[in-house]
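Please read the following report alongside the sequence and the three-dimensional view.

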Amino acid sequence: MLYQQIARNKRKTAFLLVIFVIILALVGGGLGYLINGEPFSGIAIALIGSLIYLFIVLQNPGNLVMSMNHGREIHEEDDPELWHIVEDMALAGQVPMPRVFIINDPSPNAFATGRDPKHSYVAVTTGLRERLNRSELEGVLDHEISHIRNYDILVSTIGVALAAVISFISNFASRIWWWGGNSDRDDRDSSPLEAIFKVVAIVFTLILGPLAAGLAQMALSRNREYLADAGSVELTRNPQGLISALEKISNSEPMKDPDPSSAGLYIENPLHNRGLSSLFDTHPSTADRIKRLKNM
């Protein structure tokens, strides 16, 4: 059951990344129609822009994220117990020891970030450190190590970058539309199929693209949490530790000053706000996660 769930979640993650690329192509195609009446230049701009932005972001995403979340790096002498738990969990997960950070906030929470297992970071709040016992800490930190081991930290960075590029293209295309683009060029020479694609691409670019990208990013974040929960149980063989930790975290107060763009990275939504629909949640419900953990 455990390994089947891990495999299933990995397939879902790959599928969602493919959806991201399709959305990006549609948004780029709409931009191309608005600029010069054909889609391929816009698709090229979208893909090249994404690659350039990803290259810039992936140079050192960990330091950037830790700075935005006010993380302070610690070493073994600062907190030997926490340091050794992270070290043990990294050894069990067969990944390099990540850099360890503390965020001064009474709300219990944690996240992992970075570019790859060799350039990874783990952060825990002071509230998590103070409220959780060792078994619960191990469950949470194994969850974060699983994010590192499964390259979720890279996947989440790619998702954020693609969503940012899609949003930028949509805003840029809206200005072109407002000032009058070339969307009506050569309509009489277009085939019905091309005309349909043109309308869909423009609508995606102006309206649906950013919304779809946001939904895909949220779904990707939720899927990563399920996968990391399963990975934590795989490493600790003790689902009760993570179950107890999730119950404490979900019943706590929101974090005081979290970075909203990093909300999807945390083990539990640091804002503790749920939308009108689960489609807009960055995290699966705690009850659902606990139910899955109990069935492992």
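Helices here are DSSP runs of H or I with at least four residues and strands are runs of E with at least two, numbered from the N terminus. The buried residues of helix 9 are Gly 241, Leu 242, Ile 243, Ser 244, Ala 245, Leu 246 and Ile 249, where buried means under 20% relative accessible area, exposed over 50% and partly exposed in between, with a 1.4 Å probe and protein chains only.

This is a predicted model, in which local features need pLDDT of at least 70 and side-chain atom pairs count only at pLDDT 80 or more, whereas totals for chains, interfaces and linings use all residues. Residues are numbered from 1 along each chain as its sequence is written, and side-chain values use heavy atoms, with hydrogens and water left out.

The protein chain has 10 helices and 4 strands, which follow one another along the sequence as α-α-α-β-α-β-β-β-α-α-α-α-α-α. Of its 296 residues, 51% count as buried. Among contacts (heavy atoms within 4.5 Å) between residues at least 6 apart in sequence, 71% join residues at least 24 apart.

**Charged pairs**

Side chains of opposite charge can pair when their charged atoms come close. With a salt bridge defined as a side-chain nitrogen of Lys or Arg within 4 Å of a carboxyl oxygen of Asp or Glu, a search of the whole structure finds 14 salt bridges. Three of them are set out below.

| Pair | N to O distance |
|---|---|
| Glu 81 and Arg 134 | 3.7 Å |
| Arg 134 and Glu 138 | 3.2 Å |
| Lys 248 and Glu 136 | 2.9 Å |

Glu 136, in helix 6 (residues 134-149), is buried with a relative accessible area of 4%, while Lys 248 is partly exposed at 34%. Not counting residues up to four places away in sequence, Glu 136 touches Arg 131, Gly 241, Ser 244, Ala 245 and Lys 248.

Arg 134 takes part in a salt bridge with Glu 81 and in another with Glu 138. An α-helix has 3.6 residues a turn, so residues three or four places apart point the same way. Glu 81 is partly exposed, with a relative accessible area of 36%, Arg 134 is partly exposed at 37%, and Glu 138 is partly exposed at 23%. These three residues belong to a network of salt bridges that also links Asp 79, Asp 88 and Arg 129.

**Rings**

Rings of Phe, Tyr and Trp (its six-membered ring) pair if their centres lie within 6.5 Å, planes under 30 degrees apart counting as stacked, over 60 as edge-to-face and the rest as tilted; the whole structure holds 2 aromatic pairs. In one of them, the ring centres of Phe 101 and Tyr 121 are 5.7 Å apart and the planes are at 40°, so the pair is tilted. Phe 101 lies in strand 2 (residues 99-103) and Tyr 121 in strand 4 (residues 120-125), so the pair ties together parts 20 residues apart in sequence. Phe 101 is buried at 5% relative accessibility, and Tyr 121 is buried with a relative accessible area of 5%.

**Nonpolar cores**

In soluble globular proteins, nonpolar side chains tend to be buried together. A nonpolar core is a set of buried Ala, Val, Leu, Ile, Met, Phe, Trp, Tyr and Cys residues joined through side-chain atoms within 4.5 Å. The largest such core has 32 residues, and those with the most contacts inside it include Leu 82, Val 124, Leu 128 and Ile 145. Among the elements that each supply at least two residues of this core are helix 4, helix 6, helix 9 and strand 2, and helix 4 gives the most, with 6 residues. Apart from this core lies another, of 22 residues, among them Ala 163, Ile 169, Ala 216 and Ala 219.
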